[in-house]
Amino acid sequence: MSMQKKLSGIIPKYKRFPRGYEFKNFEGQPEENLTQTGTPARVTIPLRQGFGNEVAPIVKSGQKVAAGQIIGRDDESVSNPVHSSVNGKVVEIEKIDYLGRETGAVVIESDGTGDWQMLEGHSSKWEDLSAEKIGELIYLSGAGSAGTAGIPTRFNSSVIVPEEVENVIIQGVGSQVHNLSLNVLLRGEGLSHFIEGLKILKKMMAGAQFHLALNRSQKSLIKSVSQLLPTDDSINFFTVPGKYPVERDEVLTPLLLEAGFPYGYCTANVGVIVLDIQAVLHVYEAVVEGKPLIERTIALCGPGFMEKPHVKARIGSSLEHVIKGEVNADKNLRFVLNSSLTGESLSDSSLPIDRTFTTIIALLEENEREFLFFVRPGFRKDSYSRTCLSILFRKNSRMFQKSCGTNIHGERRPCIFCTFCEEVCPVGIIPHLLFHYVEKDVIDETLLKYKIFNCVECNLCSYVCPSKIPVAQRIKEGKAKLLDEGCKCPVPSVVLKGVEKYKSVK
Amino acid sequence: MKLVRLLIDRLYDIRALNKLKPLIDAVDAAMFGPAETTEGGPHIVDNVDLKRYMSYVIVALLPATLASIYFYGWSVLRIIIVSYIVGGVVEVIFAIVRKKEIHEGFLVTGLIFPLVLPPTTPLWVVAVGVVFGVLFGKEMFGGTGRNIFNPALVGRLFITIAFPAIMTTNWQVPFTDAITSATPLAVYKTTGSMASIYDLFVGKTAGSMGETCRIAIIFGGLFLIFTKVSNWRIPVSYIGTVFVFAAIGNRLAPGSIAPPLFQVLTGGLLFGALFMATDPVTSPFTRMGKYSFGILCGILTVLIRSFSGYVEGVMFSIVIMNALAPLIDHIVLMLKYRPVKI
């Protein structure tokens, strides 16, 4: 009997997610190959990457640094160290306008070599390391900055400490329009490294229950994972539908844990840590291989790239360096970071990449008018409604892949209460209702009553709106105005952890 | 394509046509999609706009329209053209005066309105009805999206009350020029005999132009529900309630309440439930509100049909419930969301 169980592996539990919207069959999915971008001649390392406060530089201009050497660190505030990603010399410490905020950055000129300094004390026999030491390796490697709340260690890398973590959720759901391929990350040794990484995290956060969630469409991956997972129920294995935005922390956490969620707070405040697969691999690399977080695997996706490889790039490389040679130069493009729905626009190709990069999406700027647009059948047009013929070609059709450009596809019209936004809203609020109140400048407890702070800003309501109303943007404005007037989201009836610390993270 | 572009650009250049700018804009926008791009968050958006959305209602109405042309001849087409032209002129005048763009909602009103009229309606009555409907059903409230009542129903209601002789006794028998005052519902009310289910399904009975051929209506309605243009909650609860209420009522008062299947297949019930009660603007937007709306419509319809002086109650019940829709939403929201103190 036990033999049989071992063969079939752990059977994942399917979690239904009735809301959200599945982006199927879009053009520009990344190919399943991985290329190295090589050591860049010059890197710009932002001093704030991922979760945590900006750190102070501990190197000076002109100083020689090695790849993997810590160049910025602040043990007092909630933060994670930042490393040089190349061997070379610091040429400048400057302020850059980075992803919507001003951040300090260290500019390093590389000597062209590709090796790096290993972390001290790492061990391929990680079982022999103490939880304390594992935490130290994770912190020193920079992997602690993963996720929206960091990985808790003794070193202020998150707002809580390992003992306060009750649940750890590892997700490889990929519900975006374009997703990094897990097959690329987990091929070969990758999968066993991932499982080891899971166990390492489990040792460090011994009191926590672990949960793994994968997209139910990734059948072969689910099969191989289920055979490698420990059979002692120490890890709950789930599959979820790839409906955007199920991968968001605030959506996945209540779905998997079947518990309420204090929207407006971060998951760490309720003792939950959500990490993606690449973060777990970074943990493995740090603890077992002693490799600091100086490289990221990034998927180049979208119709604007000619080849769409996954690239392994040094952190601090300029965008230009990462995407060079792959861009379709004939077309007018918009580069977007990580998500076509919520991502930052990457307008300056000299800006560096950092630890938060997962996908770079090149969308077509469709500012040309299409003849008889609204009566065209739409073999390549995506829609939440079923009025486009693209619904007939959903199963990985190469011939009719849906286009993705930035055109607004229609004129702005008044709301007709079609309730599309309500049907897709992942947190079950009524977006158009909130929109109408904010539009009429009713900024008071009415908005709180209709749970404006539950909004996770996934922008799906703006996506589906046939009247082309910027619903999500108005809701965001409403929230900002409420906060200006000193309103806070109602305090939920759960014990919150590390809230004050979280607030101090800027 | 280039020729069209050139032509539209010429129209913009003619100074005498400056006043008609909303009309030219509308033609321009119908011919060419927008050039505008998203401002980020979200960077890409759904391909459906209100033009496509509304044109699907027209597509769904085509089977019923074609059936009515088949049953009643080309005069049907004449009525539809008058409705579109006269109603369109009102819409354009309002857009010009308000200096606003022309909205798509009229495309639907202009076709639904003639389909709920008797086939023999004089053209001038059609014109009066559509002007009243668009003017007092929609424009007075501020245009599409702000109206309380379904504009087509407002027009129909007005001419029913203003010209009762024309609107209630002039029913043409399909395929003939014969005029009868007896629709199946009226026949049932006076004599108690019922038309055959087959005749009702196919549309071989007297009635309004678009509402007699039930197969075409069901087909169109299901198409709309499948494409998500209309929500299934209202038609299901509306028709379901009529069926259940009539089944119970027919047991208790067999003389006045007709049996369920006959109720569902006669009069404007299917047309009303699938095409008019589902108008998103004039029905509740909450889910519970949609169910309640459908159930109350159903009860009212059966009550009016059975116990009032009128033989048909679909139009009245939908208009009454249109007025109550905001209240229903208010109550549902009140029950669902607790007030918060700050």
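Student: Which way do the residues of strand 12 of chain A point?

Tutor: Let's begin with the general idea. In a regular strand, side chains alternate between the two faces of the sheet. Now the case here, in a predicted model: A:Val272, A:Val274 and A:Asp276 point one way from strand 12 of chain A, while A:Ile273 and A:Leu275 point the other way.

Student: Is strand 12 of chain A mostly covered or mostly uncovered?

Tutor: Strand 12, residues 272-276, is mostly covered, with five of its five residues buried.

Student: Which way does strand 9 of chain A run beside strand 12, and how many bridges join them?

Tutor: Strand 9 (residues 167-172) and strand 12 run parallel, and five bridges join them. To find your place in the pair, look for A:Val168, which stands opposite A:Ile273.

Student: Now for chain B. Where is B:Gly267, and why does this residue count as buried?

Tutor: A residue is called buried if 20 or more other C-beta atoms lie within 10 Å of its own. B:Gly267 has 26 other C-beta atoms within 10 Å, so B:Gly267 is buried. You will find this glycine in the loop between helix 13 (260-265) and helix 14 (269-276) of chain B.

Student: Which residues does B:Gly267 touch, leaving out those up to four places away in sequence?

Tutor: B:Gly267 touches B:Leu185, B:Glu312 and B:Val314. Look at B:Thr183 too: B:Gly267 and B:Thr183 are 84 residues apart in sequence, with their C-alpha atoms 7.9 Å apart in space.

Student: How many residues of chain B are in contact with chain A?

Tutor: On chain B, 44 residues are in contact with 58 residues of chain A. Helix 3 of chain B gives the most to this side, with six residues. By class, that side of chain B has 22 nonpolar, 13 polar and nine charged residues.

How values were computed. Residues numbered from 1 in each chain as written. Chains lettered and ligands numbered in written order. Predicted model: local features only at pLDDT ≥ 70, side-chain atom pairs only at ≥ 80, totals over all residues. Buried ≥ 20, exposed ≤ 12 C-beta atoms within 10 Å, placed from the backbone. Helix = DSSP H or I, 4+ residues; strand = E, 2+ residues; numbered from the N terminus. Pairing = 2+ DSSP bridges. Contact = placed C-beta atoms within 7 Å. Nonpolar A, V, L, I, M, F, W, Y, C, P; charged D, E, K, R; others polar.
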